[in-house]
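Here is a short report on a pocket and on aromatic contacts. Look over the model first.

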Amino acid sequence: MKAIHEALLQAGINDIQVSTPHSLGIMSRSEPPSSGRSRRGYDRVIFAPMLEFHRETKSPFMICPYPYFGFNDKALDYALFKPNVGVYDEVTGMNYTNMFDAQIDAVYSAMKLLSYDDVDIVVAETGWPSAGDPNQPGVSLENAVSYNVNLLRHVNSGVGTPLMPNRTFETYVFSLFNEDLKPSTPERNFGLFRPDFSPVYDVGVLRNTQVICSQRGIENIGCVKSST
């Protein structure tokens with residue numbers, strides 16, 4: 001990142017930020033969110049210098065929170081932003097009603113531990129598959145619609161997270177298109193569109209559309225739409 005940033009400056013370009021996305025594999029602990037820690041041996045050698053670069057260049061630290069990979073049967077509503085009792089963090093006294101906030105705050109806690117809580121966070125990618133293997137729990141078109149529609153509503157609300165209130169996070173949904181070369185059914189079905197450009201479902205990004213509601217019982221907010 002430093003080399004790319006320096007090359008841009010030498011070319012007279014000073015309005016492009018340089019960053020790179022990270023999975024939550026950088027974390028050694030994330031529950032409860034206040035206990036978030038980066039991996040041992042990674043924090044001071046890699047994590048802190050990287051955050052220092054972001055601070056110096058005023059660029060964001062990019063993470064890829066995926067509640068899809070962290071939910072279990074009891075936490076499906078928690079992962080999908082649906083009504084639930086939440087998860088209580090005894091250290092902060094805060095109650096988390098969705099896993100997305102909890103994952104972001106865990107990363108924030110790890111950054112704060114190293115005194116870099118002033119560095120902005122960008123959600124580089126997150127999403128939910130619309131199809132899976134037979135009897136695979138939690139994977140369906142309905143749940144993909146629920147996650148992504150509720151995600152966009154949440155991140156655009158300005159509510160922020162319990163540890164970062166009143167914040168709007170720049171967020172990118174994975175993915176624009178389904179990818180037929182991925183190894184498993186869920187991995188091939190994160191897209192909002194099929195390879196032929198027909199929509200899998202709409203999260204409010206289509207224009208000049210005609211509603212075609214699925215026969216699978218999706219609410220109107222999640223109806224699939226096709227361009228006219």
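This is a predicted model: local features need pLDDT of at least 70, side-chain atom pairs count only at pLDDT 80 or more; totals for chains, interfaces and linings use all residues.

The largest pocket has a volume of about 350 Å³. A pocket is an open set of points on a 1 Å grid over the protein atoms alone, where a 1.4 Å probe fits, with protein on both sides within 12 Å along at least five of seven lines. The volume is the space filled by probe spheres set on the points, which are joined across faces, edges and corners. Of the 16 lining residues, Glu31, Gly70, Tyr78, Met99 and Ala102 are the closest to the pocket centre. Lining means an atom within 4 Å of a point. Helix 4 (residues 99–113) gives the most to this lining, with 3 residues. Helices are DSSP runs (H or I, at least four residues), numbered from the N terminus.

The lining divides by residue class as follows.

| Class (members) | Lining residues |
|---|---|
| Nonpolar (Ala, Val, Leu, Ile, Met, Phe, Trp, Tyr, Cys, Pro) | 10 residues |
| Polar (the others, Gly among them) | 4 residues |

Residues are numbered from 1 along each chain as its sequence is written, and side-chain values use heavy atoms, without hydrogens and water.

Now the rings. The whole structure holds 15 aromatic pairs, with ring centres within 6.5 Å. Tyr66 and Phe69 pair edge-to-face, 5.4 Å centre to centre and 65 degrees between the planes; edge-to-face means over 60 degrees. Tyr66 is buried at 10% relative accessibility, whereas Phe69 is exposed at 59%. Buried is under 20% and exposed over 50% (1.4 Å probe, protein chains only). One aromatic cluster includes Tyr66, Phe69 and Trp128.

Terms used: Rings of Phe, Tyr and Trp (its six-membered ring) pair if their centres lie within 6.5 Å; planes under 30 degrees apart count as stacked, over 60 as edge-to-face and the rest as tilted. Helices (H or I, at least four residues) and strands (E, at least two) are DSSP runs, numbered from the N terminus.
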